[in-house]
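Biologist: I'm new to this one, and I'd like to learn how to read it. Could you walk me through it, feature by feature?

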Amino acid sequence: MSPTFTVTRGPRRGAPLDRRRALKLLAAGAATALASCGPPREAIVPYARVGDGEDLAPGAIRRYATTLTLAGYGRGVVGRVVDGRPIKLEGNPAHPASLGGSDVFSEAAILDLYDPWRAKAAAGPTGVAAWLDFAEALTARLAGHAADRGAGLRLLTGRVTGPTQLRLIKAIQARFPAMVWARYEPLHDDAERQGTRLAYGRPLTPRPRFAEADVILCLGADPLGPGPDQVAWARAVMARRRGGAAMSRLYVAEPGLSLTGAAADHRLPAGPLVMQALGLEVARRLGAPAQPGETTPRALAFAEAVAADLVAHKGRAVVLAGAGQPAQMHALAAWINQTVAAPVDVIDAIDPNPDDHAESLARLTRDLQAGAVTSLVVLDANPVHDAPEGDAIAAAIGRLPFSADLGLYKDETAAACRWGAPLSHPLEGWSDAVGPDGTPSLAQPLIRPLYDSRTAEQALALMAGEPDAAARDLVRATWRPGAAGDFEAEWRQALIAGVLRRGGPAPTAPPAARWVEPTPITRSPLILALSPHPSLWDGRYAANAWLQECPDPLTKEVWGQSLRLSPSDARTLGLGHGDRARLGFGSRTIEANVRVTPDQALGVASLPLGGGRARAGPIGSGLGGNPARLRGPGLAWSLEGLHIERLGAGRDGLATQADHRLDGDTGELLPTMSLAALAAGARPGADRPPPSLLTTPPRGEHAWAMVIDAAACIGCNACVVACQAENNVPVVGPDEIAVGRDMHWLRVDRYDPGPDDDPNAGFLPVPCMQCEQAPCEPVCPVEASVHDSEGLNDQVYNRCVGTRFCQANCPYKVRRFNFRDYTAGAPWRDLDVTALKAQRNPEVSVRGRGVMEKCTYCVQRISAARAESARDGRPIADGAVKTACQTACPSEAISFGDLEDDASRVAGLRRDPRHYVLLNELGTRPRTTYLARVRNPNPALRKPA
Amino acid sequence: MTRGVMAVFAAPDRLQQAASAARDAGFRQLEVFSPFEMPEPEADGSRTDFIGWWTALGGGLGAAVAYGVEWFSAAYAYPFNSGARPLNSWPVFLFAPFEVGVLVAAIFGLVAFLRAAGLPRLHHPAFEIAAMARASQDRFLLVVARPRSSARRAALDEALSGALEIVEVEL
Amino acid sequence: MSARRWTTARAPGLSALDGRIVRPVLGRPTRGWWLAVAGSGALTLVMLAGIAWTFAEGIGVWGNNTSVVWGFGIANYVWWIGIGNAGTLISSMLLLTRQRWRASINRFAESMTLFAAAIAGVFPIIHMGRPMFWYWLAPYPNTMSLWPQWRSPLVWDFWAILSYILFSLIFWYVGLLPDLAVLRDRARGLRIRQVYGALALGWLGSARQWRLHGKLHRTLAMLAVPLVCSVHSIVGLDFAASLMPGWAETIFPPYFVVGAMFSGFCVVIVLAAVIRRALGLQSVITDAHFDVMARIVLAAALIMGAAYASEWFAAWYGGDPAEARFLRFIFLGPYQPLYVAMLALNVGLPQLLWLPRVRRDVGAVVLIALLVNVGMWLERILIILETLSHDYLPSSWRLFRPTLTDGAILVGSLGLFALLFLILSRVAPLVSIHETGELVVTEAAA
């Protein structure tokens, strides 16, 4: 190919930006927002083939399979599209990383598409520019690198799994052999890579088969927590956590409470010292040549019980080491797994880049500071925010003659670079990605790009020297070669199903795992343990208002995060709950609120990454300090010698729930039964309604009901965000949260039924109970709160005058009031929020100021199903109506259906021995009921969780 | 239009004496004007209890209509399930009718009073009499139909001897 | 008590007495009056500003939150309607029980009812999310063919307040009728005479009219007593008809009625003190009046104490854990100081009135009366906050923090109340002329 080419359109290089063009470009940015709303030009293929006719009607919902990525790994989603607008994303049942469920990230991705703060046009040294201006500048710059063969050129990306992107990067490397491709994820898996390198000699990825695991030991691992595997693993693990003979036993040792810890039968708060001792002790009892390390009696007993259980379940027991654990812990886990013949597939790393993340970033940083770099292209990464030396990197970038940042937003790094160019949202372009298990899948656009943007593939192609390549052709070019038989057929099939039927890497038969004696840890000063942010991940989602207002599953904090300390550490440090503190190492310090929680390990302070974004738009900017700055070189997960200084009594962190106990009676709200008690015929409590003078009116054709399995709920909040997306639920912003107002129709309550030192936290998703004898209805003066024949407790927004008596009289407090005009989008400040309107579900009315609103069991989906059944002349089948929360739930904890149909799933669950009714004694006769939590404690351990 | 003699008194007891004296003297047509309620000179017992009856009637009507509206709207015109309560939830349907009933009762009572008291009547020949102006404040007036004969007139003057002044009036 | 004299020996003659009572109406306004109008007018503007801001921004400018959906709005409503209940109640009950001393206080007591009830009526409307649709609570044929939901205590309220205000207006006007005749006869200017003449409906004061008038007045009084009790019982039912801990109390209706009389009598005491000084009516509003009213306040305070105690007892004896938690919360929770203050002001302080010395000291009685009303407001707001801040699910436990707007509207409403009284004082006699006259004359004769 020729190293240079001439641009077909666009102004001359370096032409000063005159007023007319500036306005034109601005208009191009703004006006395209909704004008270009519409299906993409290329042929895209609906997820489910439907007969011609009715589904083409305006307003009809069509569904398309596509792929989103988290930390580079692909997860299949199905987008619901109305009149060319994607309005809701759901999991793709055909994709192994989704199985139809979803998580907060994929649920909230739809909001990013319409985010008012998205980068709408390129920005160059002379200000606003067209993409083609950027293309021209980049091309010219690269042409210059022909001389040094790219020695001064750097490409920085996050983890890349997309075969097309990898192919193009290879092409770039071919064009510039001396170029260095730097790649890192702030939340990386270096420890696993190094650990497996220690154990097997080369980096491998262990993939547990939880379906076969009777006993699971997590050493700081959080398989149920946020991450690319959350959905699939939650499904697999929780499927065996609902009681019954097949119930697994889950041991968790971790520094700070995680979702997995909350689901555990036995949980051991453990800092590095205890953790290592535990691992060694278990290994020793399994025959490892390890010295018994000194540890606490509780840990010893724990290790004893675990080891016995592992042995007893040879071949059906798994040990996982967390990403935050040292490499040796991973090696140790590998050894144990081999010893107990654990159901674990070991596969080659999906991410082909040989470098460790930390090393790769450190090298780039060095080169930048040493001036070895002359051109830098950052593709969808944000080192200025999430790299430890972000400030130094920003300064270095500023000195570069050429630097470009391609991303969805004008973030910190874009601000530091000379050029910023907008990437298309994943829903706007063609792409592909590989799931964490190796399954490849295609991404097809559900909407024409809203702004003057390109896909990452197109950007890479540009660097590889293919300026005008269409994204679709790039992807097809990747897959055509390996096609077995008719490629077009395979392509079409792949678009329909959302996954490619070409297997990923098959499980390799790994070499025997070596025993690696861990270097003993000495008692260390206070440790800071960093973790992924449950809704902002590493901070890249900070601009997403839904995710900012999505409560932390455990602390229920929103719009910011607190530092978590154990009570005794807090005491020794002279810190109290809610205090403002400065924490850090030497000169690297940030400020944060202190949160004292009993489930925190002694000597370890926990803080999630992701906070402290400097440039995340009106939504994400300036919320707390940036923990990434504390990491120091090496992207460490946990750092020793944290010093904390009290700054004074600060305001308690913003949270949607402050109290987690009902003095003594918490167990009645969240009953927790032991497997043994359940088998012995115990019941969580009465679920028959108390006697009433009222005669329940005759039921209609259907009697909708919901049963939520508290034993299966992992508290991940996917349902909360799904509900928000489906029902046009607005965000209220931090100021409103601060005065105790929120809008989520469905909330996930956290309760601590256990003793103070071991809260045994559990989750209770609370949508509207749809009471048959609803307290909210008789108190409404204007017939706005009425009951329909199918048992739904309807709220007529047009009729509501806002007396709020219904909420005052609701024992479950599930109604939400529009205290202000929340749909106006105040949290976006002065940004034009018109684009947000495109996301709204046309089937759900948008509520105005001064009216009460509430969960409707997704009544719009019920009526859609009713219409369908009327059209096809057959009754509504069980499972035909799925509420948004139900669809989202990764662990299938939510069931919805018709009580009139005695064979329906809900009818069956209502007969389950674990069935109970929240606040049954009030006689409200809710249609939403629960199944009690079950624990499978090890009799050998004195204190069952 | 009766021609009468008006005697003006400074205190109620004076008037009482004069009134009874006049009655003893055989004068029947007496009318009293006073700043506050006084026992009538003659116990002719003109009835007032009809006010009570009208009030009761009004109360009954008001309550009945109110309940009717409730029943019509809640049980007939627009019936719907509200917290599984019966359509005609009579116990709680009693509040509004009671309140409305009392109000209508009061209105009926007021109207009955006004009609019986000949009000409103914005002009009355009595207002022409200068002395009347103080009947509402500190004077107690006794009016007796003027006798034909001078003898009777003398008797009358005798009876009204305690008056501050005596004027001839046309009522 | 009937043996007592309710006027002092120095009581002026009828004409002079009338003169004093009507002077503020027919005479020129004094400088003090103008100052008072300025002050209360300013406060009224504060209230109006608060309401305007609420209409412009929404209920969001109040302190209410997702759990504590009610706040000052409802508390002010209950407080004012409570005060409003007393006037008519006092006037009618004393009339039926032939308490002669009512003569000199009933007029402004009834006026107080009118104004307080009217102000109270404002709050349920401005507290709504969409106040422009307040009339949807009334039954009228409409294209939506929708009706009020008669099972809602708010609809009962609607009718209770409506009929109570109109009834009180009738009761007040009937009592006022003869006095309007006085004004007609004493007024100088033709215009004024015409106006009052029209308002007096041509009242002559003939024996016949007096008998009918007396009959009507007593009949209305007989209607008033049950009406007043029902009105505040219904206000009590706003809470008692719910199923929230601390609200679902069978004792609420009677206890609200007593509370209303309690606060109302206290306001009457304050008004009595102000008016007798302003009009120089020490001779007909005597210290004995304050003494007897103080006795009633004391009795009411004891009943209130019993009501609180019975709440505690029921919560403890009932054994319902939710109620027990509620009890712990009110005594140990964050609102504890307010609750203690409420008990001290409503039950503790009035115990001073056992002492005759205090009862005869008008200043002391007035001070106690004022503080009791502070206590009663605290009671109203706490009834709302305690329950909504701490109900069944810990996840929805939230505290309430009032905003500036909340305070502005509350304080402003006091100004409005004063302003209305000041205006009334220039329009109609604040003390019943014919009834005090009758009292003076009969007691002079006695």
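**Reading the model together**

Modeller: Happy to. Start with confidence, since this is a predicted model. Chain C has a mean pLDDT of 91, with 99% of its residues at 70 or more. For chain B the mean pLDDT is 86, and 95% of its residues reach 70 or more. As for the model scores, ipTM is 0.93 and pTM is 0.92.

Biologist: Which elements of chain B have the lowest and the highest mean pLDDT?

Modeller: The lowest belongs to helix α5 (residues 150–159) of chain B, at 81. At the other end, helix α3 (residues 95–116) of chain B has the highest, at 95.

Biologist: Okay. Now sheets: how do I read one?

Modeller: The general idea is that strands in a sheet pair through backbone hydrogen bonds, in either a parallel or an antiparallel way. Chain A lets you see both. Take the antiparallel case to begin with: three strands make an open sheet in the order β1-β2-β3 (chain A). Here β1 (61–70) and β3 (85–91) of chain A are at the edges with a single partner strand each, so one side of each has no neighbour in the sheet. From one strand to the next, the twist averages 35 degrees.

Biologist: How many bridges join β1(A) and β2 (residues 73–82) of chain A?

Modeller: Ten bridges, in the antiparallel sense. To find one by eye, look at Ala65(A), whose bridge partner in β2(A) is Val78(A).

Biologist: And the parallel case?

Modeller: That one is an open sheet of four strands, in the order β11-β10-β9-β12 (chain A), with parallel pairing. Its edge strands, β11 (266–269) and β12 (317–321) of chain A, each pair on one side only. The twist in this sheet averages 10 degrees from one strand to the next. Strand β10 (residues 249–254) of chain A pairs with β11(A) over four bridges, and Ala253(A) has Leu268(A) as its bridge partner in β11(A).

Biologist: Which strands does helix α8 (residues 272–285) of chain A touch as it packs on the sheet?

Modeller: Helix α8(A) touches β9, β10 and β11 of chain A, and its direction makes about 140 degrees with that of β10(A). There's also helix α10 (residues 327–339) of chain A, which lies across β9 and β12 of chain A and runs at about 170 degrees to β12(A).

Biologist: Next, salt bridges. What's the idea?

Modeller: Side chains with opposite charges can pair when their charged atoms come close. Over all chains, a search of the whole structure turns up 75 salt bridges. One of the pairs to look up is Asp229(A) with Arg207(A), where the closest N and O atoms are 3.0 Å apart. This pair links distant parts of the chain, 22 residues apart: Asp229(A) sits in the loop between β9 (215–219) and α6 (230–238) of chain A, while Arg207(A) is in strand β8 (residues 204–208) of chain A.

Biologist: How would I read an interface, say chain C with chain A?

Modeller: Look at who takes part, then at the area, then at the contacts. The contact involves 50 residues from chain C and 51 residues from chain A. About 4,200 Å² is buried between them, with 55% of that from carbon and sulfur atoms. On the chain C side, Thr66(C), Arg130(C) and Leu393(C) lose the most area to chain A, together 15% of what that side buries.

Biologist: How many salt bridges are there between chain C and chain A?

Modeller: Four salt bridges. For instance, Arg398(C) and Asp742(A) meet through their side chains at 3.4 Å, N to O. The same interface holds 38 residue pairs in polar contact. Of the chain C elements, α2(C) gives the most to the side that touches chain A, with four residues.

Biologist: And chain B with chain C?

Modeller: There, 62 residues of chain B are in contact with 56 residues of chain C. The two chains bury about 5,000 Å², 73% of it on carbon and sulfur atoms. Phe36(B), Glu37(B) and Glu99(B) lose the most area on the chain B side, together 13% of what that side buries. β2 (30–33), α2 (50–77), α3 and α4 (132–135) of chain B each supply at least two residues to the side that touches chain C. And here's our helix again: α3(B) provides the largest share of that side, 15 residues.

Notes: Residues are numbered from 1 along each chain as its sequence is written. Chains are lettered from A and ligands numbered from 1 in the order in which they are written. This is a predicted model: local features need pLDDT of at least 70, side-chain atom pairs count only at pLDDT 80 or more; totals for chains, interfaces and linings use all residues. Side-chain values use heavy atoms; hydrogens and water are left out. pLDDT is the predictor's confidence in each residue, from 0 to 100. Two strands pair if DSSP finds at least two bridges between them. Axes are lines fitted to C-alpha atoms, for helices over the stretch in contact, and angles run from 0 to 180 degrees between N-to-C directions. Contact means heavy atoms within 4.5 Å. Buried area is the accessible area (1.4 Å probe) that two parts lose on being put together, summed over both. A polar contact is a pair of N or O atoms within 3.5 Å; within protein, one must be able to donate a hydrogen and the other to accept it, and residues adjacent in sequence count only if both atoms are side-chain atoms.
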